Amino acid sequence: MVPSIPQLMTIERHILEQQHRHPEATGALTGLLYDIALAAKLISKETTRAGIANVLGATDSANVHGEVQQKLDVYADSVIFRMNDHTGRVCVMASEEHDDLLHIPEHHSSSGHYVLIYDPLDGSSNIDVNVSIGTIFAIHRKVSPGERGTLEDVLQSGDRLVAAAYVIYGSSTMLVYSTGQGVHGFTLDPSVGEFLLSHPDIRIPSPGRYYSVNQGYEKYWTPGVRRYVKWLQGLDDEGREPLAGRYIGSLVADFHRNLLRGGIFLYPGDMKRPEGKLRLTYEAQPLAFIAAQAGGYASDGVGDILALQPTDLHQRVPLFIGNRDLVEKAEWFLKTYDQDYLATYMPHRTTATAV
Ligand code: AHM
Ligand code: MG
């Protein structure tokens, strides 16, 4: 008798099936997503053997934000670039680790229709303490005229994203992606080297269970954020049941947990950093796209992240992301208690200038 084998869905098959829903598709996006999955496997292999392979620790070079790069950052960054610089599918790339656009080398075709934006290893300061880290990808369609990609192609609003994905290197490695047809999660089976569908059609559960914020910065918070977090904790007059606090300090891991369990992650603008810390194009836009596809919502505290038009490659943005009701409540608190404050200290974030 032939033993029965469970139906397994590899990421390749899943991506191809999604492509088949679009008869006009050329297969270029499918190929690009395959390449991303392969890059994720290579990075995963290095992250899991980081300790033994002696690739831990900082390199001498500091990135554009003045942070010391970890060696694995450098590795992840170059794997993703090299995987995509010669396929003819991509016209330009941008990485959080580089000041400028990453152009396709002259000797390769740069006539691809897609733009790849990535944060190669987010939360990399956590590497040395064995905390989950992640990679984030955003894909736009080329919009500028001419063959080569330009800044205009990279600086597009999030509602024009074609696809977004993240990879979490945790107790297992998972790749979660969306091409605008729901959010699907795959777990890497290291024994066969395949991402297998483990979390089909992810929807953020309601009510949210967790709130995630770096409480250590409360001293610098705006009045609205302070009151909002008290509300989350059930410490205001409403006295609701508190949400449990969870904060890893690794965006992909914090986002992933809240996506699967429900809740809100916030990295607000504050007295020290009016624009917050996280980057619009590399982090906020792709995760906002995925959150929206899972029934959630992301805001800069004033309005929809996906509607924001980036003006700078490394622009930072306050981020509130998770269950829609929780994010909208944050917007209400900021609108109610921070208007004067925002007008004085953060004029670019008042309602009048949003979007
Ligand atoms: P990075 O891009 O330099 O790795 O920094 C981003 C990380 C996020 O993963 C995380 O959400 C945040 O920084 C944590 O910052 P903080 O330590 O200020 O709470
Ligand atoms: Mg980052």
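**Entry 1: the sheet**

I began with the open sheet, which has eight strands in the order β4-β3-β5-β6-β7-β8-β9-β10, with mixed pairing. A reminder to myself before going on: this is a predicted model. I then looked for the edges and found β4 (102-103) and β10 (194-199), each of which pairs on one side only.

Next I went to strand β6, residues 133-141, and asked how many of its nine residues are buried. The count is eight, so I noted the strand as mostly covered. On one pairing, seven bridges join strand β5 (residues 114-122) to β6, and the two run antiparallel. I picked out Asp 119 there, which stands opposite Ile 136 in β6. The pairing of β6 with strand β7 (residues 163-169) is also antiparallel and has seven bridges. Here I traced Gly 134 to its bridge partner in β7, Ile 168.

Is Glu 194 buried, exposed or partly exposed? Its relative accessibility is 26%, so Glu 194 counts as partly exposed. Leaving out residues up to four places away in sequence, I listed what Glu 194 touches: Thr 10, Glu 12, Lys 41, Thr 187, Leu 188 and Asp 189. I also checked Glu 194 against Arg 246: they are 52 residues apart in sequence, and their C-alpha atoms are 30 Å apart in space.

**Entry 2: domains and cores**

The domain assignment of the protein chain gives domain 1 (11-199) and domain 2 (210-354). I noted 25 Å between the C-alpha centres of the two domains. How many residues are in contact across the two domains? I have 49 residues of domain 1 in contact with 31 residues of domain 2.

Then I turned to the largest nonpolar core, which has 43 residues. Val 154, Tyr 166, Phe 255, Ile 305, Leu 319 and Ile 321 are the ones with the most contacts inside this core. Which helix gives the most to this core? I found helix α8 (residues 280-293), with eight residues.

Not counting residues up to four places away in sequence, Val 154 touches Val 92, Ala 94, Leu 101, Val 115, Ile 117, His 140, Thr 281 and Leu 313. There is also a second, separate core, with 39 residues, and I marked Leu 33, Val 79, Phe 137 and Phe 195 among them.

**Entry 3: around ligand 1**

I moved on to ligand 1, which has 16 residues around it. Which of these come nearest? My list reads Asp 122, Gly 123, Tyr 247, Leu 251 and Tyr 267.

I then went through oxygen atoms of the ligand, with these distances:

- For Leu 251, a backbone N or O atom lies 2.7 Å from an oxygen atom of ligand 1.
- For Lys 277, an N or O atom in the side chain is 2.8 Å from an oxygen atom of ligand 1.
- For Glu 283, an N or O atom in the side chain is 3.4 Å from an oxygen atom of ligand 1.

I finished with the backbone. In the loop between β10 and β11 (210-212) I found Pro 207. A cis peptide bond joins Ser 206 and Pro 207, with omega about 0 degrees.

Asp 201 is found in the loop between β10 and β11 as well. Although Asp 201 is not a glycine, its phi is positive, about 45 degrees. I have Asp 201 down as partly exposed because its relative accessible area is 45%.

The other residue I flagged is Asn 130, in the loop between β5 and β6. Asn 130 is not a glycine either, yet has a positive phi of about 60 degrees. Is Asn 130 buried or exposed? With a relative accessibility of 75%, Asn 130 counts as exposed.

Terms used:
Residues numbered from 1 in each chain as written. Chains lettered and ligands numbered in written order. Predicted model: local features only at pLDDT ≥ 70, side-chain atom pairs only at ≥ 80, totals over all residues. Heavy atoms only, no water. Core = buried A, V, L, I, M, F, W, Y, C linked by side-chain atoms within 4.5 Å. Buried < 20%, exposed > 50% of the residue type's maximum accessible area, 1.4 Å probe, protein only. Helix = DSSP H or I, 4+ residues; strand = E, 2+ residues; numbered from the N terminus. Contact = heavy atoms within 4.5 Å. Pairing = 2+ DSSP bridges. Near = heavy atom within 4 Å. Polar contact = N/O pair within 3.5 Å; in protein donor to acceptor, adjacent residues only side chain to side chain. Domains from an automatic or database assignment.
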